[in-house]
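Grab a pencil and try each task before you read its solution.

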2 protein chains.
Amino acid sequence: MEKIVRQSMLYDFYGELLTEHQKSIYEEVIFNDLSYSEVATINNISRQGVYDMIKRCDKILEDYEAKLKLVDKFLKAKEQIKLIKEAACQLKDMNSDERLNIKIKEIEEYSDSILEEF
Amino acid sequence: MEKIVRQSMLYDFYGELLTEHQKSIYEEVIFNDLSYSEVATINNISRQGVYDMIKRCDKILEDYEAKLKLVDKFLKAKEQIKLIKEAACQLKDMNSDERLNIKIKEIEEYSDSILEEF
C-alpha cells in the first residue's frame with residue numbers, strides 16, 4: 001500500500017486520539033498535500049518541527065494499529081464485501097427473473113452502505 | 001444493550017489499550033464472571049480496589065469509543081450483513097436453479113467471514 005494511503009487510513013481510524021495541534025499539522029501535510037515548508041510557515045514553526053511532528057504522529061497511529069489491528073480487520077472485511085458484490089453481479093448475469101434481481105440489488109446496496117459506514 | 005454485552009464489545013475493540021494488570025482484573029470480572037470479592041482475594045487487593053478498577057476501565061474504554069466510534073460503526077455494519085444474509089436466504093427460497101444457489105451460498109459464506117473477522 002502506498003505510504004500516503006496507509007497514513008490516511010490510520011488517521012481515519014485513530015486520528016481522534018491525536019491532539020488538536022497534531023491533527024491540524026497532520027491534515028495539512030497528508031490530506032491538503034502542503035509541503036513541510038508551507039506548513040512550517042503557516043504555523044510559525046521550523047520545517048524540522050513539522051517533520052518531527054509527522055514522524056511522531058505516524059508512530060502514534062502505527063502503535064494504535066499494532067495493538068488494535070482495526071485497519072487490518074477492516075481491509076479484510078472490505079475484501080469480503082468486494083467478493084459479495086462480485087457474486088451479486090454474477091448472479092444478475094446468470095438470471096433474468098426480475099423478482100430475484102430486486103433482491104440481488106438489495107444485497108449490493110447493503111454492501112455499499114457497509115463500505116460507506118467506515 | 002445489556003451492560004455486560006457492551007463491556008465485552010468495548011473490551012474486544014479497545015482492550016489492548018489497557019495495561020496488563022487492568023486487562024487481567026477486567027477479564028476476571030467481565031469474562032470469567034468472578035465476583036469482586038473473589039477477584040479481590042485472588043489478587044490480594046481490596047474489594048473496593050476491584051470495584052474502582054472496573055469503573056476506571058469502563059471509563060477508559062467508553063472514552064475510546066466516544067472518540068473513535070468503532071463499536072458503533074461495527075454494530076451498524078453487522079446490521080447490514082444481517083440484511084444481506086436475509087436477502088440471500090430469500091433468494092434461495094425464490095429460486096431452484098442450482099447454479100444460482102452456489103453463488104448465493106458464496107454470499108452467505110463471505111458474510112459470515114466478515115462477522116468472524118471482528
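**Exercise 1. Work out what kind of residues line the largest cavity, and which elements they come from.**

Start with the classes: the lining has eleven nonpolar residues, no polar ones and one charged one. Keep in mind that this is a predicted model.

From chain A you get Phe74(A), Ala77(A), Ile81(A), Ile114(A) and Phe118(A). Chain B brings Phe74(B), Ala77(B), Lys78(B), Ile81(B), Ile114(B), Leu115(B) and Phe118(B). With Lys counted as charged, Lys78(B) is the charged one.

Now go to the elements. Helix 5 (70-94) of chain A gives two or more residues, and so do helix 5 (70-94) and helix 6 (98-117) of chain B. Helix 5 of chain B gives the most, with four residues.

Last, check the volume: about 80 Å³. The structure holds one cavity of 30 Å³ or more.

**Exercise 2. Describe the interface of chain A and chain B: how much area is buried, and what sort of contacts cross it?**

Begin with area. The two chains bury about 3,300 Å² between them, with 78% of it on carbon and sulfur atoms. The contact takes 34 residues from chain A and 34 from chain B.

Finally, look at the chain A side. Helix 1 (3-14), helix 4 (47-68), helix 5 and helix 6 (98-117) each supply at least two residues, and helix 5 gives the most, with 14. By class, this side has 21 nonpolar, five polar and eight charged residues.

Notes: Residues are numbered from 1 along each chain as its sequence is written. Chains are lettered from A and ligands numbered from 1 in the order in which they are written. This is a predicted model: local features need pLDDT of at least 70, side-chain atom pairs count only at pLDDT 80 or more; totals for chains, interfaces and linings use all residues. Side-chain values use heavy atoms; hydrogens and water are left out. On a 1 Å grid over the protein atoms alone, a cavity is a set of points where a 1.4 Å probe fits but cannot get out, and a pocket is an open set with protein on both sides within 12 Å along at least five of seven lines; lining residues have an atom within 4 Å of a point. Grid points are joined across faces, edges and corners, and a volume is the space filled by probe spheres set on the points. Contact means heavy atoms within 4.5 Å. Buried area is the accessible area (1.4 Å probe) that two parts lose on being put together, summed over both.
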